[in-house]
Amino acid sequence: MMPLLIRVLRDPGTVQGLDDAGWDLLLRQADAANLDAYLLVLLEDAGLLDAVPAAPRAHLEWTRVGAAAHARAARYEVRQIGRALDGLGLPLILLKGAAYAMAGLDAGRGRLFSDIDILVPKARLPEVEAALMMHGWITTHHDAYDQRYYREWMHELPPMQHARRGNSIDVHHAILPETAPVRPDPARLCASARPIPGEPHLATLSPADMVLHSAVHLFFDGEFDKGLRDLVDLHRLLTQFGQAPGFWEALPARARELELGRPLFYALRYCPRLLGTVVPPAVQAAVASEGPNAALLWLMDRLFARALLPLHASCADAASGAARFALYVRGNWLRMPPLLLARHLFHKAFLSGKSDTQAA
Amino acid sequence: MLTVGSLSRAELAARLSGDGLVLRTGPFINRIRSDVAPLIDSVALMYADYPVEPVGGFVDFHLELRRSGGLRRWYKSQVHFAYDGTTPFQPLPLAQAYPMLEWTMNWCVSHRAHGYLIVHAAVLEKHGRAIILPAPPGSGKSTLTAALLGHGWRLLSDEMTLVRLDDGVVVPLPRPVSLKNTSIDIIRAFRPDAVLSRPVEETTKGTIAHLKAPGASIARALEPARPACIVFPRWEAGAAIALEPLPKARAFMQVADNCFNYQVLGARGFTALGGLIDASDAYTFRYSSLPEAMALFERLVLGDA
């Protein structure tokens, strides 16, 4: 049986049969999955909010307040980043949560995010970093190894945190690490980026690239604590963009162009399975060849079936821990060649100071 | 009504280590699970008069405090807090389990319950008028609160004043009063009848003991009160008693500084705080003698200070 939260995400009307214990479980699963604000949006859109009993309704209203504060702060932070980078002559390309929110996409409603992610050309990184430092953002990883890890091997600068406001920014120059076997060309992503209507200095990736970035972020990463939230992002992006003519037809080709056929394959496999996303059969057929062999797919189905559930005790079985660990190892494997990975894990386990590992 | 005090020690321990003790505090339902024996004793003592709800209903906050496993179980044992499976805080020494429960129960409210403007302030009521005491630690707020409670005042809260956004009333959250360092002996001497938890030394706030909330305040926990005064107290050795009116604009800014969620509430926080300031007379208050301070509060609550 599917966890209650997922049944409600598929069919919000499910809440009509809930008793007090059911509401308790639903809100806890939503909270654990970082989907409580989305649950509020979902129930409100379905006209079901007034039927929610008083106690869970109060929690949903608390969530509304917290989510509104988050949206205000995020908007403010994006403006500050815009001001800091003004004069560099770069469009401010927002990624993930900040992009969804600022572009007013469905996927941005009720979607909380802790960091603001931006994409800049690699050649311009020093200028961008200097401009951010001039405006109060400082690097968070002071350990020499961590600095090297990010600067030589990763696709982003070490996260920078604003000295006064405490908000973080991740400056990316690519969407996968330098050390990963596939390297989608960032120049192609930037070339297809589009301005946000009404926000002349802000831009997002193109719709297809937003989907592909979301997919690669979810399916090539090692940490799945927000796996279901990321899958919901994909579901909402696909559902909204899928209504535009030409989107579906172009998606598989774009994925191949960027060497991202595999993550798209997984996105189009697990979104319909878990969330009931409607994907045209022709598109499924077009990505079928991007999947792994049957034995590996059998295994991945079992791993993702666990890791994509809410990270809550009520959704765990005996194999959940092992599944998440296996995907953690896989995520690192996909980021680095084996020797480098061994060296990295050795360093993290034995050489990094304890306080550093907690911060990392 | 089932209360913690009506459960046997064995039954209480079984609930805490099993499906949980479902405890009502003011408007909130807490489900507490723990296997830490001294914590069970403190809960039995401090929460004896609180209602216990059946397991299996809707719960506001799911809290768990567990003793370390492995080697740590035997050497320098610690207590770990989990909020429904997530661990937002570092563990503390096992002896601090009960203060940790109080702190984490506060944290649940201040980080989530955004249906209220939550002021870091004690609040007491008499004759239907609530007096709010916002103050940083060390101002003598809890000492004054503890002294007044022995004299017919109703405890609404020692730590968090909940101003309901919908109608501006103060919603009670009567819980044990946290006393620090020298306050503990002052209250022991001043109120020999006071029930105190065992003092815990070397916490980040020094030595801590909790004073049991009056049964009458707990019994009236669902009865809100109208705000009447906001008093910023300051204890100062040897100082003459002095109550000075505080201009409304400054009172507004000072209460805003003492709120947990003023920023989070945005425009609604501004409106709620404005309503609170409009409804209340505001003062700064300096004192050195508890009996003098208490006499002044009696006059204040009657509106003739």
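A residue is called buried here if 20 or more other C-beta atoms lie within 10 Å of its own, exposed if 12 or fewer, and partly exposed in between, with C-beta atoms placed from the backbone. By that count, 46% of the 305 residues in chain B are buried, while for chain A the figure is 40% of 360 residues. Please keep in mind that this is a predicted model, in which local features need pLDDT of at least 70, side-chain atom pairs count only at pLDDT 80 or more, and totals for chains, interfaces and linings use all residues. Residues are numbered from 1 along each chain as its sequence is written, and chains are lettered from A in the order in which they are written.

Let us begin with chain A. Chain A has 17 helices and seven strands; helices (H or I, at least four residues) and strands (E, at least two) are DSSP runs, numbered from the N terminus. Its radius of gyration, taken over C-alpha atoms, is 21 Å, close to the 21 Å that the globule rule (2.2 Å times the number of residues to the power 0.38) gives for 360 residues, so chain A is as compact as a globular protein of that length. Along the principal axes, the C-alpha atoms of chain A fill a box of roughly 55 × 50 × 45 Å.

Now turn to chain B, with ten helices and 16 strands. Here the radius of gyration is 19 Å, close to the 19 Å from the globule rule for 305 residues, so chain B too is as compact as a globular protein of its length. Its C-alpha trace spans about 60 × 45 × 35 Å along the principal axes.

Within chain B, look for an open sheet of three strands in the order E11-E13-E12, with antiparallel pairing; strands pair if DSSP finds at least two bridges between them. Strands E11 (177–180) and E12 (200–203) of chain B are the edges, each pairing on one side only. From one strand to the next, the twist averages 40 degrees. E12(B) and E13(B) (residues 206–211) are joined by two bridges, and Thr203(B) stands opposite Gly206(B). Helix H3 (residues 97–112) of chain B packs on this sheet and touches E11, E12 and E13 of chain B, its direction making about 65 degrees with that of E12(B). Axes are lines fitted to C-alpha atoms, for helices over the stretch in contact (C-beta atoms, placed from the backbone, within 7 Å), and angles run from 0 to 180 degrees between N-to-C directions.

Finally, the chains meet where 15 residues of chain B contact 18 residues of chain A. Helix H8 (residues 262–265) of chain B gives the most to chain B's side, with three residues.

Conventions
Two residues are in contact if their C-beta atoms, placed from the backbone, lie within 7 Å.
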